[in-house]
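The following note sets out numbered points on a single protein model, for a colleague who works with the coordinates directly. Please read each point against the structure shown here.

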Amino acid sequence: MDLNPVVHDHGSLNFEASKPLANMIAFIKGQLFSFIVSLWFVFLLESIKLFKVSGKTINPVYLLAELILLAAVVFVSYTLINRVKPVVEITGRAVSIANEIVSITPFTFNLRFWRKKLPQKLVFRINELGIRKTDNPLRFVKVSDSFRNRVFELRDKNKTAYIVFDYYDARLKEKLTEILVEVTPPELLIPGRLRHH
């Protein structure tokens, strides 16, 4: 995998995720979109079948069945979107580290492709930052025992962000590990795991 090199700019280190991470996010969004479209297509087919079974008349039993089906489809669609969207919108596609600040530009989540929403930068002050290694929240990559702890979770009082560091220049992992050691009290540093809650 070709990793984008770190860019030094006025005392800050700037990292951009490699193309495979963007492809992985696009694949996850595409899978979600196709599943939801398929779900609504099945709903329409079942509605037509139900209408034929009801004798092509709109009666209370037909309306009740339609409402139950519609509620189930809306609930499943809403649940799936709300499980994926929040994590995608806090997963970094670009990271900038300056003396006192870590700034993350996350991916966007646009199922409505005609209206692009610009990503909101997530800015963390290093002295207020909680950081730990964790597992990938959306399984962007296959997680096995040898592939655990491949994500940095950054957190402060108001926000959280994820950085899947295998898709960045190795210097980012080194720099985030340095910050982790810097912001974590010595008694919480567990040798070999470096976790901070």
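1. Histidine 10 is exposed, its relative accessible area being 82%; exposed means over 50% relative accessible area, buried under 20%, and partly exposed in between (1.4 Å probe, protein chains only). Histidine 10 sits in the loop between β1 and β2. Although not a glycine, histidine 10 has a positive phi of about 50 degrees. Most residues other than glycine have a negative phi.

2. On provenance, the model is predicted: local features need pLDDT of at least 70, side-chain atom pairs count only at pLDDT 80 or more, and totals for chains, interfaces and linings use all residues. Residues are numbered from 1 along each chain as its sequence is written, and side-chain values use heavy atoms, with hydrogens and water left out.

3. The protein has three helices and eight strands, in the order β-β-α-α-β-β-β-β-β-β-α from the N terminus on. Helices (H or I, at least four residues) and strands (E, at least two) are DSSP runs, numbered from the N terminus.

4. Of the 197 residues of the protein, 36% count as buried. The protein exposes about 12,300 Å², of which carbon and sulfur atoms supply 61%; accessible areas come from the Shrake-Rupley method with a 1.4 Å probe, and for residues only the protein chains shown count as cover. Among contacts (heavy atoms within 4.5 Å) between residues at least 6 apart in sequence, 56% join residues at least 24 apart.

5. The hairpin that holds histidine 10 is formed by β1 and β2, with two residues between the strands. Strand β1 (residues 7-9) pairs with β2 in the antiparallel sense over three bridges; two strands pair if DSSP finds at least two bridges between them. Valine 7 stands opposite asparagine 14 in β2. Asparagine 14 in turn stands opposite serine 96 in β3, and four bridges join the antiparallel strands β2 and β3.

6. Helix α1 (residues 19-53) has 35 residues, which should span 51 Å at 1.5 Å a residue; its end C-alpha atoms are 51 Å apart, in agreement. The expected span of a helix is 1.5 Å times one less than its number of residues. Buried residues in α1 are Leu21, Ile25, Ile28, Lys29, Leu32, Ile36, Leu39, Phe43 and Ser47. Their cover includes α2 (60-88) and β3. Just after α1, glycine 55 takes a positive phi of about 80 degrees.

7. Which residues does serine 47 touch, not counting those up to four places away in sequence? They are Tyr62 and Glu66. Serine 47 belongs to helix α1 and, at 9% relative accessibility, counts as buried. Serine 47 and glutamate 66 are 19 residues apart in sequence, and their C-alpha atoms are 6.7 Å apart in space.

8. Strand β7 is largely enclosed by the rest of the structure, because four of its five residues are buried. Five bridges join β7 to β6, and these two strands run antiparallel. Within that pairing, arginine 132 has glutamate 153 in β7 as its bridge partner. Glutamate 153 also stands opposite tyrosine 162 in β8. The pairing of β7 with β8 is likewise antiparallel, over five bridges, and these strands form a hairpin with four residues between them.

9. Helix α3 (residues 170-183) has 14 residues and reaches 20 Å from its first C-alpha to its last, close to the 20 Å expected at 1.5 Å a residue. Leu172, Leu176, Ile179 and Leu180 are buried in α3. Seen down the axis of α3, the buried residues fall within an arc of 105 degrees, so they line one face of the helix; the arc is that of the directions from the helix axis to the C-beta atoms. Ala170 and Glu182, on the other side of α3, are exposed.

10. What covers the buried residues of α3? The cover includes β2 (12-16), β3 (92-97), β4 (101-106), β6 (130-134), β7 (151-155) and β8 (160-164).
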